[in-house]
Amino acid sequence: MKTKRNVNLVTVLIALLISTTAAYAQENYTVVKRVDNFNQPTTFYPTKATPVNGAISENVVTSAKRILNQEKPFLKKGVVKTVGEDKLSAWQMTSDEGGNPQSAPNPLTYFTSGAASDLLTQVERSIQIMGLDVESVKVETEFFFRWSDIMTDKWSGFTDKVVTNIIVKSNEPIEKIKELKEMAVRAWSIGESLANKTPINKANIINGADWDGKAAQTGQIPSPVSTDNGRTITNTTSPLNLQTIEVKPDLDMDMNNFPKDMIFSEVGIAESANDPKRPYLHKIRAKSLTAHYETWELYSDDSRGYEGINAAPTSREYFTLGTSFCLMSQLTPNQKYFAKKRINIDDFGVEHQFNYRESNFMTPTMTGEMTDVVTRILVKSDADKELANEFAVQSLRCCFAGEGIVYETEMETSIYLNGKLVK
């Protein structure tokens, strides 16, 4: 009996040791981190478009997978890279939602931040093209999202409307400011992709052979602060107080008990970081108007063509990876929904390529567009292939960001001069 008790005690101690070791083995992830290598997507070959007729192209590729954490089921990470651009690094980012506290920006915060920063870039470029004397400029925005028929076979997500305000402080005449708005909006590739239908090359890869490096891993995000080359590029910050948009109270939502329908919004502001060496470096503050979500401060760098290494991800890299993260967030609750129907989904991942193009770059006739989108959902499951495919199809339909790109979204863009609405 004595020997048996000793054996049982040893067994318990070994189990405890294994459990403790596993806990300490959790990888610590940073919110945003520059990485040397970008793992190429396994479901398509990334391509860089050849510029023609004074156009520039930015083809942005992403790869996203889950981070396993019992306390934070929506945790995920992704890598993003602009194809063929030697001066633009690859970046690894993480995303979280529903946690208290939230440990990384939610997908739509990246999505909204990227859109606002991209418009600010076009405004700043247009100011340079027009030779205007402008003391300051910033962009405020609110994106309106909706889920309908949650936890049913009709579950869908929508981007209903985007309100964006350009705020200018200047002594330039009103007619010049109106022209500034028109020029900037024409060049706003992300805005064009939201306002118009965008063709999508989509496919679901069920039990594909290339799962190396795609499988979920345990991990956590211990700090909201990310630094790069001595600069803080992510952190949480104080609540937003916008000049042209009313910041409404947070929606109180239980991530474990969804309502039938849900409406919420994201707000953000993008302004210059005032760095003379990186003139298109922006400070962005954004938040989901949802309870327990943090207000995030991010930096983006669109200083294309300037000397030196990029200081942060580009606005379009945030927007593209935000879309990948949004799709990952739809796959997560749908995994639970399909489990209730006795359909087991073991793992999943997302890969994207968004192709952006600006024609007549840095001229008065500059125009921006998103020309193509490649979407791949990777699913690992022992379920019937058709049922696993249904899981991917429904998750894609739930993705707010993807819906905003695929279909026409109502866009309301205004410009303010010295605090007064101009147009």
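In this predicted model, the largest nonpolar core holds 88 residues, of which M93, F111, V168 and F319 touch the most other members. A second, separate core has 8 residues, including V35, F44, V83 and A90.

**Nonpolar cores**
- Beyond its neighbours within four places in sequence, M93 is in contact with V31, V32, K76, K77, G78, V80, Y110, P313, Y318, L321 and F325.
- In soluble globular proteins, nonpolar side chains tend to be buried together.

**Packing of α2 against α5**
- Helix α2, residues 107-130, packs against α5 at an angle of about 160 degrees, and their axes lie 7 Å apart; because angles over 145 degrees count as roughly antiparallel, α2 is described as roughly antiparallel to α5.
- The crossing of these two helices, α2 and α5, is left-handed.
- Sorted by class, the contact of α2 with α5 comprises 9 nonpolar, 7 polar and 2 charged residues.

**Packing of α5 against α6**
- The crossing of α5 and α6 is right-handed.
- From α5, the residues making this contact are L327, Q330, L331, N334, Q335, Y337 and F338, and from α6 they are L387, E390, F391, Q394, S395, L396 and C398.
- By class, the contact of α5 with α6 consists of 8 nonpolar, 5 polar and 1 charged residues.

**Positive phi values in loops**
- Most residues other than glycine have a negative phi.
- N229, in the loop between β10 (226-228) and β11 (231-237), has a positive phi near 50 degrees, and its relative accessibility of 64% is why N229 counts as exposed.
- M362, in the loop between β15 (347-359) and β16 (367-380), likewise has a positive phi, near 60 degrees, and because its relative accessibility is 28%, M362 counts as partly exposed.

Technical notes: Residues numbered from 1 in each chain as written. Predicted model: local features only at pLDDT ≥ 70, side-chain atom pairs only at ≥ 80, totals over all residues. Heavy atoms only, no water. Left-handed = near helix turned anticlockwise from the far one by under 90°. Helix = DSSP H or I, 4+ residues; strand = E, 2+ residues; numbered from the N terminus. Contact = heavy atoms within 4.5 Å. Nonpolar A, V, L, I, M, F, W, Y, C, P; charged D, E, K, R; others polar. Core = buried A, V, L, I, M, F, W, Y, C linked by side-chain atoms within 4.5 Å. Buried < 20%, exposed > 50% of the residue type's maximum accessible area, 1.4 Å probe, protein only. Axes fitted to C-alpha atoms, helices over the stretch in contact; angles between N-to-C directions. Parallel < 35°, antiparallel > 145°, perpendicular 65-115°, else oblique.
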